[in-house]
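Let's take a walk through this protein together, from the overall fold down to single side chains.

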Amino acid sequence: MISFSKFLKEQRFSQIVALLLLLVLLLIGAIPGYLTGHWQWQELPRITRLQELKDLRQKGLILPGWQTIEQREQEIGEGTWSYQFIQKKSDKTKAVLLLRPQTGSKDQPVVEWTEINSLWQWKIAQYRSADFTVKPQGTGSNPAETKVQARFFRASTNQQTFAVLQWYAWFNGGSSSLFPWFIVDQLAQLQKKRAPWVAVSILIPMEPLGQVETIWNEAKSLGQTVQAVLMAGPVSSHSPIQLYKNNKK
């Protein structure tokens, strides 16, 4: 397990690299606008599945192998989240699934993790990066795996302790950092598309002062399920019409 300070240094380096790549992409996108006088950011490409993203806050996700005990909209900071209390059908494992979907073309991920932490005043320990892969649903017999770079830690209050897994999900991956999404979205905009996002925070109850690694396999499995369902629906790169036509073939 890497130390928290080492992880922060690695994150800072990756953010600098991501920022440089973003500047290159912005320059590439700006040159045609400078020559023609038509600036791309004056009118951002439409998000084709925006209604599904908005519905996500009101309805949550239907997850294979899990049942929803309670679902409601939850105000956290300046955003509205889906708060979903779920239970695994096989062994009755319980978890809380928080989802904060993009709500418009100009809505960008910024301070979601800070707002959650401020709401519950968590004491965070055993923090580390947590990578996992997901096979997209319904994309052929041998689809390419999608990589997610999340963050995983133990969060405690005076009443409860959770193993927490957090990341931003989009159509071909995910990250706990916002910079990778900016790059993916800029690349999509060069093709007149967008990369809609959903902030995901999974909370699994655990014993106070316990080792968060004992919950990792459960958190990873649930994270893979959530990412796969999101990629098949709200953050899919296909519009609903395109998806319907592809399924008819």
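How many helices and strands are there in the protein? There are six helices and eight strands, where helices (H or I, at least four residues) and strands (E, at least two) are DSSP runs numbered from the N terminus. Followed along the sequence, they give the pattern α-α-β-β-β-α-β-β-β-β-α-β-α-α.

A word on what you are looking at: this is a predicted model, in which local features need pLDDT of at least 70 and side-chain atom pairs count only at pLDDT 80 or more, while totals for chains, interfaces and linings use all residues. Residues are numbered from 1 along each chain as its sequence is written, and side-chain values use heavy atoms, with hydrogens and water left out.

Now for the protein as a whole. Of its 249 residues, 47% are buried; buried means under 20% relative accessible area, exposed over 50%, and partly exposed in between (1.4 Å probe, protein chains only). The accessible surface is about 13600 Å², and carbon and sulfur atoms account for 54% of that area; such areas come from the Shrake-Rupley method with a 1.4 Å probe, and for residues only the protein chains shown count as cover. Contact here means heavy atoms within 4.5 Å. Among contacts between residues at least 6 apart in sequence, 65% join residues at least 24 apart.

Next, please find helix H3, residues 112-120. Its buried residues are Glu 112, Trp 113, Glu 115 and Ile 116. Seen down the axis of H3, these buried residues fall within an arc of 165°, so they line one face of the helix; the arc is that of the directions from the helix axis to the C-beta atoms. What do the buried residues of H3 pack against? Their partners are strands S1 (66-76), S2 (79-88), S3 (94-101), S5 (146-156), S6 (161-170) and S8 (198-205). Just after H3, Gln 121 takes a positive phi of about 55°.

Let's turn to charged side chains. The structure holds eight salt bridges, each a side-chain nitrogen of Lys or Arg within 4 Å of a carboxyl oxygen of Asp or Glu. Arg 100, Asp 107 and Glu 112 are linked in a network of salt bridges.

Another salt bridge joins Arg 128 and Glu 213, with the closest N and O atoms 2.6 Å apart. This pair links distant parts of the chain, 85 residues apart: Arg 128 sits in strand S4 (residues 123-134), and Glu 213 in the loop between S8 and helix H5 (216-232). Arg 128 counts as buried at 15% relative accessibility, whereas Glu 213 is partly exposed at 32%. Arg 49 and Glu 52 also form a salt bridge, at 2.8 Å between the closest N and O atoms. Here Arg 49 is buried at 4%, and Glu 52 is partly exposed at 27%.

Finally, look at Ser 82 in strand S2. Is Ser 82 buried or exposed? Its relative accessible area is 0%, so Ser 82 is buried. The side chain of Ser 82 makes a polar contact of 2.9 Å with that of Gln 71. A polar contact is a pair of N or O atoms within 3.5 Å; within protein, one must be able to donate a hydrogen and the other to accept it, and residues adjacent in sequence count only if both atoms are side-chain atoms. Leaving aside neighbours within four places in sequence, Ser 82 touches several residues, including Leu 56, Arg 57, Gly 60 and Leu 98.
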